[in-house]
Amino acid sequence: VNHGTAVASVLIGDDPALGPLLPNATVYSATAVHGQDRYRQGATALNLMRAISWLIEQGVSVINISLTGPQNRVLERVLGMAIESDVAIVAAAGNNGAHSPPVFPAAYPGVTAVTAVDRGGEIYRWANQGEHVEFAALGVDLPAARPDGTIGTLSGTSLAAPVVSAYLACALTHASGNVQTAYRQIQLQSIDRGEPGRDSVFGFGVLHPGSTLRN
């Protein structure tokens with residue numbers, strides 16, 4: 001509950017402190033996570049597949065997945081079916097550090113992997129890196145809602161992913177639902193960081209509204 005509430009608040013949080021990206025959007029929440037103990041949560045591949053299938057049935061244009069796990073061939077096929085149906089999949093790159101092996105679903109082909117940066121455009125110290133990373137977005141000390149109605153700050157690629165999902169949802173509207181056109185549009189909007197062009201740290205670049213960063 002805590003994690004999902006925080007991610008959703010980045011998109012539609014009803015509080016001036018949050019600065020929601022899509023305050024008038026309709027967000028569908030598909031629960032795939034269960035509590036393992038007092039401090040940890042997990043999600044089975046089966047529940048995740050059911051959640052994705054349900055979201056596809058609702059006709060969503062973008063699915064944001066702010067969780068990571070091991071590779072699963074069946075889940076990869078389900079996501080591939082969604083992508084073939086012109087549903088954009090955005091996923092958190094992971095918070096295991098620069099030397100971590102790729103995590104999934106972010107590393108699956110066709111999935112938009114998102115890393116996190118701070119307000120100065122520097123990479124989040126625990127962010128995963130790799131050739132599959134496509135975009136970076138603000139995900140360090142980001143205001144987010146708690147289930148009790150208060151506002152706190154959180155860090156991680158899970159909070160950066162919905163920023164890119166918001167950009168992509170808007171781009172899809174302007175592109176009449178054409179996913180490839182929408183991707184090209186947000187690539188042009190991104191602010192290049194690190195090595196010129198796409199790199200394994202920032203991907204194509206940083207996406208964040210009102211950013212003071214410059215190419």
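**Close-up 1. The surroundings of Leu172 in this predicted model.** Let us start with Leu172, which touches Ser61, Val62, Ala88, Gly177, Asn178, Val179 and Ala182 when residues up to four places away in sequence are set aside.

**Close-up 2. The largest nonpolar core.** Here we meet Leu172 again, now as one of the 31 residues of this core. Together with Val90, Val164, Leu168 and Ile186, Leu172 touches the most other members. Two or more residues each come from H1, strands S4 (88-92), S5 (112-117), S6 (133-138) and S7 (142-145), and helices H4 (157-174) and H5 (179-189). H4 gives the largest share, with nine residues.

**Close-up 3. Another core, apart from the largest one.** This core has 22 residues, and Ile52, Leu55, Ala106 and Ala107 are among them.

**Close-up 4. The aromatic pair of Tyr28 and Trp54.** The model has three aromatic pairs by the rule applied here. In this one, the ring centres of Tyr28 and Trp54 are 6.0 Å apart and the planes meet at 70°, so the pair counts as edge-to-face. Tyr28 sits in the loop between helix H1 (2-12) and strand S1 (33-35), while Trp54 belongs to helix H2 (residues 45-57), so the pair ties together parts 26 residues apart in sequence. Tyr28 is partly exposed, at 39% relative accessibility, and Trp54 is partly exposed too, with a relative accessible area of 34%.

**Close-up 5. The aromatic pair of Phe104 and Tyr108.** These two rings form a tilted pair, 4.7 Å from centre to centre with 45° between the planes. Both Phe104 and Tyr108 are buried.

Key: Residues numbered from 1 in each chain as written. Predicted model: local features only at pLDDT ≥ 70, side-chain atom pairs only at ≥ 80, totals over all residues. Heavy atoms only, no water. Phe/Tyr/Trp six-rings, centres within 6.5 Å; stacked < 30°, edge-to-face > 60°. Helix = DSSP H or I, 4+ residues; strand = E, 2+ residues; numbered from the N terminus. Buried < 20%, exposed > 50% of the residue type's maximum accessible area, 1.4 Å probe, protein only. Core = buried A, V, L, I, M, F, W, Y, C linked by side-chain atoms within 4.5 Å. Contact = heavy atoms within 4.5 Å.
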